[in-house]
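My entries follow in the order in which I checked things.

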Amino acid sequence: KTNQSKNNPIKVATKTVLIFGGDVMLSRKVEQQMEKYQDYTWPFQKIANLLSDADITIINLESPFIYSANYFVPTGSFNFKANPQAVKGLLMAGIDLVTLANNHFGNQGIKGMTDTFKILKENNIAFVGAGNNSLEANQPTVIRKNEINFAFLNYGYPEFLYVANSSTAGIANMNLKKMEQNIKEAKQKYEVVIVIMHAGNEYTHQPNHQQQEFARKAIEAGADLVIGHHPHWVQTTEIYQGKPIIYSLGNLIFDQMWSKETQQGVLAKVIFKNNEIISLELIPIETKNYGQAEIISEVTEKQNLFSKIGLTNEFLIKQD
């Protein structure tokens, strides 16, 4: 990463690069592949350089880490369970922040949640969207780069699955009033506020009403950028009141090999100049072999992906 030492007299850069990835699931067939190759960095090997080059790299962690004697999860099961050794892949890829407000974070109960908090903290990977109680789950996580404070908030769709309360660990869910309050408070303290939501109908390129309402209300409350995931397909994007919304990045690391749409996703590369977005580029990626992501370089393949979400090229925003 591009941290500069306090004693370095070089002028701090004014441009900050953020890369957002979609759903990362390190269980089921992905875990079996890592065991097969005896390499827990395997899923990230072909995209690690790109991810780690960013100043801040963010992914959605779709499977809780837990200390266990057995990590086998059969095909067809949705009860995910990740080996703590798989954190090696996150470290190699330079992941700075993981979002935890999703429908699988509580798959292994309170132990899986608290083990995940512990493992991430031990490896200096920040997290957002979950905590030991609702106050922690709704707190922004702030990462300071190039003298700019980037505050991240994360919410999972509005069902009451694994939602934290005043005394129980869990996630922050999509409560509109709470989200608006959180953004307004964060905006008073920090230069940039980014909202990440895990929501929508699976296997569609179009956002639903809840996604649109939540994302637009977030922008109205002061968010500078809204990023989404959960549908497992890439979804459409929009500029709302001058701010970008990406409704779904699709999968990043997953074992859903049964369709082109679930194999493909995008990384969002967002460049800030001070606290303003000057570039937002979508980088197509594809999962191969049940869990290893690579960049799509074939032009026709990229164009086909963009056409599905109504884009003619990779840039949602491009300024000089």
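In what order do the 6 strands of the open sheet lie? I read the order as β6-β7-β9-β10-β12-β11, with mixed pairing; two strands count as paired if DSSP finds at least two bridges between them, and helices (H or I, at least four residues) and strands (E, at least two) are DSSP runs numbered from the N terminus.

Before going on, I note that this is a predicted model, in which local features need pLDDT of at least 70 and side-chain atom pairs count only at pLDDT 80 or more, while totals for chains, interfaces and linings use all residues. Residues are numbered from 1 along each chain as its sequence is written, and side-chain values use heavy atoms, with hydrogens and water left out.

I found β6 (141-145) and β11 (237-240) to be the edge strands, each of which pairs on one side only. From one strand to the next the twist averages 20°. I then followed β10 (residues 225-229) to β12 (residues 243-246), which run parallel and are joined by 2 bridges, and I saw that Val-226 stands opposite Ile-245 in β12. Helix α6 packs on the sheet and touches β7 (148-156) and β9 (192-198), its direction making about 155° with that of β9; contact means heavy atoms within 4.5 Å, and angles run from 0 to 180 degrees between N-to-C directions, with axes fitted as lines to C-alpha atoms, for helices over the stretch in contact.

I looked up how α6 (residues 176-189) meets α7 (residues 209-221), and they pack at an angle of about 30° with their axes 9 Å apart. That makes α6 roughly parallel to α7, a term for angles under 35 degrees. Among the residues listed on the α6 side are Leu-176, Met-179 and Ile-183, and those on the α7 side include Phe-214 and Ala-218. I noted that the residues of this contact divide into 6 nonpolar, no polar and 4 charged.

Strands β15 (residues 276-288) and β16 (residues 292-295) pair in the antiparallel sense over 4 bridges, and Glu-286 has Glu-294 in β16 as its bridge partner. Their hairpin has 3 residues between the strands, and there Asn-289 takes a positive phi near 55°. At the start of helix α9 (residues 299-308), I found a side-chain oxygen of Glu-298 within 3.3 Å of the backbone nitrogen of Thr-300. Just after α9, Gly-310 takes a positive phi of about 75°.

Notes: Angles under 35 degrees count as roughly parallel, over 145 as roughly antiparallel, 65 to 115 as roughly perpendicular and the rest as oblique. Ala, Val, Leu, Ile, Met, Phe, Trp, Tyr, Cys and Pro count as nonpolar, Asp, Glu, Lys and Arg as charged, and the others, Gly among them, as polar. A polar contact is a pair of N or O atoms within 3.5 Å; within protein, one must be able to donate a hydrogen and the other to accept it, and residues adjacent in sequence count only if both atoms are side-chain atoms.
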